[in-house]
Amino acid sequence: MIPLKWEKRLQEYLKERENWLKELYQTGSTWEGRRKFLKMSAMAAGFAATQSFVPHSFQLVDVVNAATPDSKQQAFTFAYISDSHLYEKTLNERFVRQLERAVADINALDPQPDFVLYGGDLAQLGQPGELKLGAQILKQVKAPLKMMVGEHDWFLDMGDLWKELFGKHYYSFDHKGVHFITLMSVNEKDFWTAKNLSPMQRMQIVSGLDDGRQSAFEVGVEEREWLARDLANIPKTTPIVVFSHSPLYKLYRPWNFWTDDADEIQALLQPFQTVTVVHGHTHQVLTNRIGNIHFHGMLSTAWPWPYAPQGLPKLTMQMNRPDPFNQTEGLGDGIIDVLGNGRVNKRYDLWNRNPMSVTAKYLDSNGQEDLPAKTSLPSY
Amino acid sequence: MNKVQLIKLIIICVFASVVLYQSHKVEAQEPVQLPKHAPAKTDGQSLVVQLCDGETNLEVKGVGPNERLDPEKAQTVSNQLMAQWLAKQPKEVAEAWLKESLNARTEAKTTTQENKASTTGQEQVVDFTSRDYKSWERELAKEIAYGDQIFHDDKLLGSTNGVSCAMCHPHAANTHPETYPKFQIQLRRVALLRDMINWCIENPSRGAKLHPDDPKMRAIEAYILAQRKGVVIEPGKH
């Protein structure tokens with residue numbers, strides 16, 4: 001029981017606060033002010049507000065670049081959803097709602113994208129209930145779906161169920177003049193047999209981003225050989241887009257923001273004039289360019305990761321540090337416009353924030369032109 | 001108002017007060033049980049001294065319960081208590097302790113002498129031995145390791161939806177303990193690190209918040225702070 005005089009002082013303090021807040025909101029006609037206000041209202045209403053699922057669709061503001069007259073293929077758009085990390089609905093409804101929100105976003109796109117890439121880590125611990133739930137939700141995607149596998153989907157049964165539900169874990173296809181390659185890039189060297197770990201123990205170690213007991217991600221020999229064969233008959237002028245769960249470059253080993261045989265993969269891709277890698281795993285706006293290859297990270301629908309404390313690529317314009325008081329901050333989905341020249345403009349549709357565009361022009365000019373909006377709150 | 005209505009009203013009142021009482025109980029914070037020594041058994045006639053293990057007692061014959069021991073007698077009592085404790089330990093524990101203790105004493109002696117020999121009359125003499133440094137390091141490491149464990153284990157944290165701290169904060173990244181205390185408008189007060197820890201436990205992790213003195217809270221703080229060693233302290237930074 002609080003003594004009476006303290007209770008009185010607390011009341012006075014709260015009243016003072018209240019007035020101050022009122023003043024703040026009166027000036028809050030700007031976007032920033034409105035956002036603060038919305039956050040506060042949500043707080044005041046408790047979590048009842050977050051319990052109801054409101055589908056949210058974005059106005060398409062990006063101008064799809066028209067194909068240049070001499071280009072070999074027409075411009076088109078595809079969308080992405082990634083890293084949903086589903087638990088079963090009874091355990092964690094929030095992650096389920098967030099994937100549903102992304103599906104609703106993508107389904108609301110008009111015109112519809114040519115296809116939708118799912119970027120991996122559909123499940124959190126590779127459980128049958130998690131993967132099947134994910135498959136069920138993704139069935140609602142109206143556009144054709146291209147699936148990619150992540151380490152959270154894989155290391156319980158080494159991909160058995162995932163393959164049963166979604167098919168091949170690495171494959172290529174051609175679409176409107178672009179050669180697409182989907183890799184399984186989260187193989188790890190066997191760290192479990194010698195330690196006699198159970199499948200669940202193995203899964204849990206891999207699921208810990210900062211768990212140093214696991215090996216580094218790699219594409220592996222078998223798949224590299226397949227990739228070399230796949231690329232052998234593709235003209236060097238054909239634009240290549242690679243989907244990979246891990247980044248396909250070496251960013252930060254302690255969090256496996258890393259692909260151990262990235263150099264070998266890059267060597268296979270370098271002869272091609274126009275190469276783009278779209279990856280998951282890092283849960284953030286992440287941009288890199290190595291030689292001819294442009295790299296783009298994808299947003300997660302589950303939670304955002306902080307930026308790696310070292311080795312952040314120079315071309316990465318950080319997204320604002322997510323606000324912990326808003327649980328869908330730093331999350332989202334997005335679209336990728338494939339331009340007439342085979343390069344891509346990447347749009348991050350961040351929930352609760354303005355979308356961020358990272359264009360081919362920005363990367364081609366090495367960050368000199370078409371800069372994305374700067375962050376006001378960088379990662380710590 | 002007839003009898004039936006009156007009975008109904010009474011039932012409602014009783015029910016409401018029970019509910020109110022219950023909800024009040026939920027809000028009240030459970031006091032944390034810190035390790036406590038069992039009181040030494042005494043007949044009230046003579047002084048009983050207890051060792052810091054909380055188990056080993058010694059009755060000092062001929063000294064009243066409120067009487068003061070002179071330093072010499074106190075040292076004897078202390079030695080006797082330690083002897084009793086050693087006798088209870090397994091052989092290897094007792095031997096290791098004796099060896100460590102002897103080393104520390106020898107070391108203290110030599111360092112003190114060395115310090116005295118080298119002193120110019122300006123320097124201060126420190127009597128800490130390597131055993132002191134080792135025990136500080138060991139105890140802190142234990143606390144940090146426990147915090148590390150809780151930070152990475154949703155069940156240990158008390159999360160009800162599978163969300164652990166490390167899922168958003170690998171190596172405690174973006175926990176920025178060096179920026180607290182700071183005013184947090186959503187909490188309507190100046191927040192300490194533990195307030196944010198509790199916010200995260202209650203919201204993203206859907207668990208029950210921890211008492212500020214809960215061993216788990218202390219360990220989580222220790223882990224987070226240890227991860228930010230060397231970072232400039234900037235209270236209020238957003």
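**Interface between chains B and A**

In the predicted model, 32 residues of chain B are in contact with 34 residues of chain A, contact being defined as heavy atoms within 4.5 Å. Local features need pLDDT of at least 70 and side-chain atom pairs count only at pLDDT 80 or more, whereas totals for chains, interfaces and linings use all residues. Residues are numbered from 1 along each chain as its sequence is written, chains are lettered from A in the order in which they are written, and side-chain values use heavy atoms, with hydrogens and water left out.

The two chains, B and A, bury about 2,800 Å² between them, 60% of it on carbon and sulfur atoms; buried area is the accessible area (1.4 Å probe) that two parts lose on being put together, summed over both. Of the area that chain B buries against chain A, 25% is supplied by Met167(B), Gln186(B) and Arg188(B), more than by any other three residues. At least two residues of the side of chain B that touches chain A come from each of α6 (165–168), β3 (182–184) and α7 (193–202) of chain B. These elements are DSSP runs numbered from the N terminus, helices being H or I of at least four residues and strands E of at least two.

Chain B as a whole has eight helices and four strands. Of its 238 residues, 29% count as buried, that is, under 20% relative accessible area (1.4 Å probe, protein chains only).

Note on methods. Buried < 20%, exposed > 50% of the residue type's maximum accessible area, 1.4 Å probe, protein only.
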